[in-house]
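Subject: Structure handover

Hello,

Here is the structure you asked about. Please look through it before reading the notes below.

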Amino acid sequence: MNIDAQRVHSIMRNLHHSLLKQKNYLNGLNVFPVPDGDTGLNMTLTMQAALTNTLPDRNVDIPGETYLREFAKNMLLGSRGCSGVILSLYCKGVSEVLSNGDFSAEHVSEALRNGYESAYTGISNPTEGTILTIMRELYRHYDELVSEESDPARIITRSIPYLKEVLSRTPEMLPVLKKAGVVDSGGAGFIILLEGLSQELDDNHASRKAMPVHSLLKINNNLRRLLRRNRSHREIGAFLKKGIAQHIHLRKLESIIDQTRRFLNGGSPARETILQDIDDLNSSWDPDLQYRYCTELVLDTSALVDEQQLKTLLMEMGDSLMVLQDIDVFKIHIHTNIPDDVIDAVSQFGQLSFSKIDDMKKQHRNFISDRSVEYERERSLFCIVSGDGFKDILLSMGADDVLDYGRRKPSVGQLVKHINRLAAKNVIVAADDRDILMALKYAVSLSKSNVSVLESDSVISLIGMLMGLSGNQDINRTVHEVMERFIPIRFFAVARAVKPSQTIEGDVIRKGELFAIHQGVIVTSGRNALELIESTLNILREGESLVTLYIGSGAKKNRAGAEVLQARLPAVQFEEYYGGQHKYLYYVTLE
Amino acid sequence: MAKILVIAGDNLGIRLDQIDYPDFRRVHFPVIVEDSEYIEDEDHSFSWLLAKFRDDDAMAKSSCLSREEIIEVVEANLEGCDLIVHVLMSSGMSAATYMIAEEVKTLYEERIPIINIDSRQTMCGVGVVLLRLVEELKTIHDPEEIRKTAQRIIENTFMFLALPDLRYLQRGGRIGKAKAFMGSVLKIIPVVGMKGEEVEGVILPIGKGRTPAQANTLILNAIREGMSKRGVEKIKLAVTMSFGDNPEAIADLERKVRDSLPCDRHVSGEPHLVEAIHCGPRSWAIAVSFA
């Protein structure tokens, strides 16, 4: 059977789509190894990274197996979280065997076995009751059916009911799942992929509905309150009737509700037993996290290192350690409390081409909170400015999101709301006014994302920050780029005096007159804006060749200021843009 | 003494007389301008094409290297030759050219060994790889050693390009990840680059300046980042080139490099017809290679 790259790409795109539709369902099952609610997102992002970086060339005939190898490699480099890493290891193992282009049922059997072995041996602490169990059972069951069928897709389709049964037994294999009342999220995601592969899922297939974990825990706690306070059977019965919605995917909670109903009808178990189960359920979703930071790195090195060398080095620094090698590229995943030390230790061997540190504690708090945010993306570079013109300018310079706050600076509550609305796991935020910084820092502590604040004091410095931004970088490199490649831009602003004042030279400024301010000092004053700009330029210009006017909302429109100034100062190039800022009539930059 | 023939396309960003190697032969990238095909000659140079862009708003594109021309060069030099080294532009940018070179290699495998070197570069980036390699070929003759040396040079070579008008790169189908720089509200000078350490060998966005001086500062900082990552303190070879109309920009860059970065050798290169297609007027570039 021959499959070309376009066909494999199309299958992978559909699989990604299947996962995307079930992302939130999978997030709601995520309790192992850490209940941070991102299994669905991690698996989806892993597939997405590989899809983005493995685009088949329409002009060149590339065999499917070659594409698959490349896809697996990019999956490994772009893998996110434990489930993403295990999935990419599996894909690597499968693609290795299929690299000869033999897609026969027997050969696929060997590929599935190799996929499982690649995933199993690739991680330091393989655990039963997880995605690994489902991967193993797939190749075993497939092996049993291979004598009956010749079509690999058909065999996989026939294996799915059995795998679902195995998935339903994962809580018996992994106590933490049983305590939390869920099946394994990674295993569930793997079966969704298989369903997609066997085309059981089509576009009309409905997503699995799942009540958010915080709602389920709320039901659990309300029940606890009613039972603890010895409320009447009638009141508890009414709560069970009214308060319980459908789509409870936590078996433990289903069992608690069932037990309570039996208790209300005079049967066993005793109230104390039910309360114990309720407490168990709560604690399983809210454990003490031993390690706070999920750290992922990609190391490029030609130094003589192997997986074991890195594993030995990092073993003591945390848990959930996975080190994967693809010739000179290593992908490292670890849960740790000392991410900087991990980065330092790994960096000695070569260059880090990717790094990511997720605060799992924050993610976990978000996951179980009443107003949890469903993360939709890995990062957002978020700017807060006054002026609709500047909003457009910054978006076109590489900002992912911009808030135009108009005349009134945003409150802490508004900032929290805006940051949460971004639905990004990691946010880099910068504002155009130092006065916003304090509120911003407080808002960051209340937000649901990992947020880095870049300290800036004007919209012009935001433009300078975005100049060095290359885009498509991971969160740490983006912060590095913005800080290290920052291009300082000299500027002054023109405003109208709301009270009498004076310039640094002592010239009196009457109320209503214009003045130019540079680095907090009033340099010049006057009645005509363009004449004021010209005289200020004559004082401040130090050989710059480009002067840009950013027009504020209060400045007269259609002045063609740049044109007028160009005629007066022909040695300089003038440009003019609408900024829409409210505080100043003009920002004037010198570059 | 082994005789090693070196072949490369005419998109090197340097003049022939700057290549100090007697057994070097150049092959041409055909250029299609308004449905007619040209190869570079005295009448059809980069400045001719820039004038066509400026005066006629002409559309141009490039084609891959001609199999026949490569074979012609190989045939003409077979006698007495022990090895052929073909230095190619990035296969990530021209897969077809690389495939043709591989076909020629297979065609001659019984008669002469050919090493195809994917430089992961274009323009003066290929020029830098070539200049450094021919220097090494004066003392290294073993094919395996040549491969390893070339790989080391490639991984340590970077090219940066300031493009006041990105449309040329887009029209030529080479924009790649630099498309992130399209659609800016402000007039900007995008700085893009090719990094030898990146296996893909495609154009990468680096940053953007509003003035040539800012673009050059970005380039300088990017070079410094590369040096600091590798722990090197010196540039082994730098090649600069400019597409005319912008002499201050390239002069500013050369001055900045001279004043702040130690460099063993600097070559002031020259663009060719095929290079003008993707860069357009007023652009400039530098390629550097570290020891």
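Predicted model: local features only at pLDDT ≥ 70, side-chain atom pairs only at ≥ 80, totals over all residues.

Residues are numbered from 1 along each chain as its sequence is written, chains are lettered from A and ligands numbered from 1 in the order in which they are written, and side-chain values use heavy atoms, with hydrogens and water left out.

Chain B

Chain B has 9 helices and 13 strands (DSSP runs numbered from the N terminus: H or I of at least four residues for helices, E of at least two for strands). Its radius of gyration is 18 Å, close to the 19 Å that the globule rule gives for 291 residues, so chain B is as compact as a globular protein of that length (radius over C-alpha atoms; the rule is 2.2 Å times the number of residues to the power 0.38). The C-alpha trace of chain B spans about 60 × 50 × 30 Å along its principal axes.

Of the 291 residues in chain B, 60% count as buried (under 20% relative accessible area, with exposed over 50% and partly exposed in between; 1.4 Å probe, protein chains only). Taking contacts in chain B between residues at least 6 apart in sequence, 78% join residues at least 24 apart (contact means heavy atoms within 4.5 Å).

Contact between the chains

Chain A contributes 26 residues to the contact and chain B contributes 22 residues. The area buried between them is about 2,200 Å², and carbon and sulfur atoms give 51% of that (accessible area, 1.4 Å probe, that two parts lose on being put together, summed over both). On the chain A side, Gln351(A), Met467(A) and Arg485(A) lose the most area to chain B, together 27% of what that side buries.

Two residues

Ser380(A) lies in strand β5 (residues 377-385) of chain A and counts as buried at 1% relative accessibility. Beyond its neighbours within four places in sequence, the contacts of Ser380(A) include Asp400(A), Asp401(A) and Leu422(A). Leu422(A) is 42 residues from Ser380(A) along the chain, with their C-alpha atoms separated by 7.3 Å.

Ala222(B) is in helix α7 (residues 212-230) of chain B and, at 8% relative accessibility, counts as buried. Not counting residues up to four places away in sequence, Ala222(B) touches Phe160(B) and Ile206(B). The C-alpha atoms of Ala222(B) and Ile206(B) are separated by 7.8 Å, and the two residues are 16 apart along the chain.

Regards
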